[in-house]
Amino acid sequence: MAQANQTASMNTAPFPTRFAYARSEDQGAGREAHHPVVVIGAGPVGLALAIDLGQRGIPVVVLDDADRIGDGSRAICFAKKTLEIFDRLGVGKPMLERGITWNVGRVFHRDAELYAFDLLPETGHGMPAFINLPQFTVEAILVAKAKATPGVDLRWKNRVVGIDATSSGASVDIETPDGLYRINADYVVACDGARSPTRALMGLDFAGRVFEDRFLIADVRMIANTPTERWFWFDPPFHGGKSALLHRQPDDIWRIDLQLGWDADPEHEKRPEIVGPRIARMLGHDRFALEWVSIYTFQCRRLEQFCHGRVLFAGDAAHQVSPFGARGANSGIQDAENLAWKLAAVVKGDAKAALLSSYDVERGQAADENILNSSRATDFIAPRHAGAKRYREAVLNLAVDMPFARRMLNSGRLSTPTSYDTGLSTPDIDSWTTATRPGSPMPDAPVVRAGGESDFFLAMLPATACLVVFGPAPETPDDLAVLRVGTDIVDCEGLLAKRLDATPGSAFLLRPDHHLAARWRHPIHDQILAALDRLRGKA
Amino acid sequence: MSALPTENRFADPDAAYAAIVDAHEGLSEAESAAFDARLVLILANVIGDLAILRAAIEAARKR
């Protein structure tokens, strides 16, 4: 039934998806090798982190227990902020080329459309709200990039079987086809997924909530003229009383998600003679082939702390959400981006180890936000008691013509980046009119480069801290990158100034992850220095 | 916690009460409950203040 390999070969060419084990020079060297950073898990989070660290000049060893990209139907929706990160890492273009861009979602109740929403209603952004692209294609592109990144050492069929963390580093025991070996690291980052073996080896509690419902997730191949939109049904005639989701992927593959209820028998529901007719009822025809079928239950849970001495956790290893809202892979890649610049600064000695505690604070906040949103969506989609069912029915009923009820209707609150409440931000002293505030991700805007080419603001930003200034530049420290609007880039449509509420003399201090650290109407040198110290964890 | 107005605010409270009750006339238990849910949501949006809404929920719950 599950012929996911077929899908893989269609979507990933020319990116390889199987990799050979190779004996590393650390094995049988007679002494234990030492590395600044070891990443466990070559999924999207571990790969993005390794590429980012490599590009920052930090050598990194990536250990993965498999020798291939895992197949199966996993993440498909990659959000704007994630695409901006991919773009900074140099893989934005292949992702966009292979992915299917979408901004519009439609919600149906029974047999009628209730309303449509546009996740990116304004123009002037380099990246779309979302692309749909199977996770294994994303991983294949990231593996190719990681292999081409100096300093990234990918080791397949290297299974971590032991970890011994101390206050100054960690020793990792690794099982390979050639036997066991051990390496030492200053820092270990576990990106080894929801069932994280590292978490288990360290005996860490992964607490949260299980949702008592089962969902059928299927990828089907078919030729269809349905637009590239997210379609969600509450109680459709083809699947009475339950919810359904239809979402397009590249290469004529469609993701289908059908709520089955807690009493459904997973083994029975997975049988082709049961799944086939279910999906035929939804599509109104049987001209499709099943590529992948799984039955899921959802959980929302997190580690209480993401940093355990020198062992750090990122992605699903640190936190897990239900899939409504595409907050799993997207938040994991944003974990990687948050951690990469901090870890690089600490390893290089540019920042104290205390900077890493801001990773726990900021991405812990993001995890809480994601768990809250995904729990609320799951509770709306699968109401847990009679009163909840009644209120959901009322919302669906009112949403036909009352805009307020459409805002309560919840088929998944789709992933948006978190505005960090963090000690790395400098509180405002001037007044500003934007929703963007210190800690927020920077908005995008169309710009023209000094050479005359059209581009986008976010694509112009360096991977370091940077001061974006409107009008005459204040005196700045030598090691701070400065981007002058009007000289280095032209705000050709005035949208950058509008989205930042910038006036002549305004300056914006951006973090290496392109979140806002500080802003002023007319900064002086000392204010910029103090904000930089704060950003580097020195304040 | 917002102060929840509990003094009468209607010029004709009897008419307000009658309007709500009369709307339930002829409804089954289930229809009545569904009606109330719609009404609560519409009124909650008119209030448009989460603190007042929570105070009202608390006031109703502790009876």
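Let me start with the crossing of two helices in chain A of this predicted model: H2(A) passes H5(A) in a left-handed crossing. Helix H2 covers residues 44–55 and helix H5 covers residues 135–147, and the two pack at an angle of about 25°, with their axes 9 Å apart. Angles under 35 degrees count as roughly parallel, and H2(A) and H5(A) are therefore described as roughly parallel to each other. If you look at the side of H2(A), the residues that make the contact are A:Pro44, A:Leu47, A:Ile51 and A:Gln55, and they meet a set in H5(A) that includes A:Gln135, A:Glu139, A:Leu142 and A:Val143, together with A:Lys145 and A:Ala146. Sorted by class, this contact of H2(A) with H5(A) has six nonpolar, two polar and two charged residues.

Helix H3, residues 80–89 of chain A, packs with H9(A) at an angle of about 45°, and here the axes are 9 Å apart. That angle is why H3(A) is called oblique to H9(A). The crossing of H3(A) past H9(A) is left-handed. From H3(A), the residues A:Lys81, A:Thr82, A:Ile85, A:Phe86 and A:Arg88 meet A:Asn330, A:Ile333, A:Gln334 and A:Glu337 in H9(A). By class, the contact of H3(A) with H9(A) divides into three nonpolar, three polar and three charged residues.

Seven strands of chain A form an open sheet in the order S6-S5-S14-S15-S16-S13-S17, and the pairing is mixed. Its edge strands are strand S6, residues 112–118, and strand S17, residues 289–296, each pairing on one side only. From one strand to the next, the twist averages 15°.

How many bridges pair S5(A) with S6(A)? Strand S5, residues 104–109, and S6(A) pair over six bridges in the antiparallel sense, and A:Gly105 stands opposite A:Phe117 in S6(A). The hairpin of S5(A) and S6(A) has two residues between the strands, and in this hairpin A:Arg110 takes a positive phi near 55°. With S14(A), by contrast, S5(A) pairs in the parallel sense, over five bridges, and A:Phe108 stands opposite A:Trp233 in S14(A).

A helix lies across this part of the chain as well: helix H10, residues 355–381 of chain A, lies across strand S13 (215–221), strand S14 (230–234), strand S15 (243–248) and strand S16 (253–259), running at about 50° to S14(A).

I will finish with the domains. Chain A is divided into domain 1, made of 31–100, 129–205 and 302–370, with domain 2 at 215–297 and domain 3 at 446–535. The C-alpha centres of domain 1 and domain 3 of chain A lie 29 Å apart, and the contact takes 11 residues from domain 1 and nine residues from domain 3.

Terms used:
Residues are numbered from 1 along each chain as its sequence is written. Chains are lettered from A and ligands numbered from 1 in the order in which they are written. This is a predicted model: local features need pLDDT of at least 70, side-chain atom pairs count only at pLDDT 80 or more; totals for chains, interfaces and linings use all residues. Side-chain values use heavy atoms; hydrogens and water are left out. Axes are lines fitted to C-alpha atoms, for helices over the stretch in contact, and angles run from 0 to 180 degrees between N-to-C directions. Helices (H or I, at least four residues) and strands (E, at least two) are DSSP runs, numbered from the N terminus. Angles under 35 degrees count as roughly parallel, over 145 as roughly antiparallel, 65 to 115 as roughly perpendicular and the rest as oblique. A crossing is left-handed if the near helix is turned anticlockwise from the far one by less than a right angle, and right-handed if clockwise. Contact means heavy atoms within 4.5 Å. Ala, Val, Leu, Ile, Met, Phe, Trp, Tyr, Cys and Pro count as nonpolar, Asp, Glu, Lys and Arg as charged, and the others, Gly among them, as polar. Domain bounds come from an automatic or database domain assignment. Two strands pair if DSSP finds at least two bridges between them.
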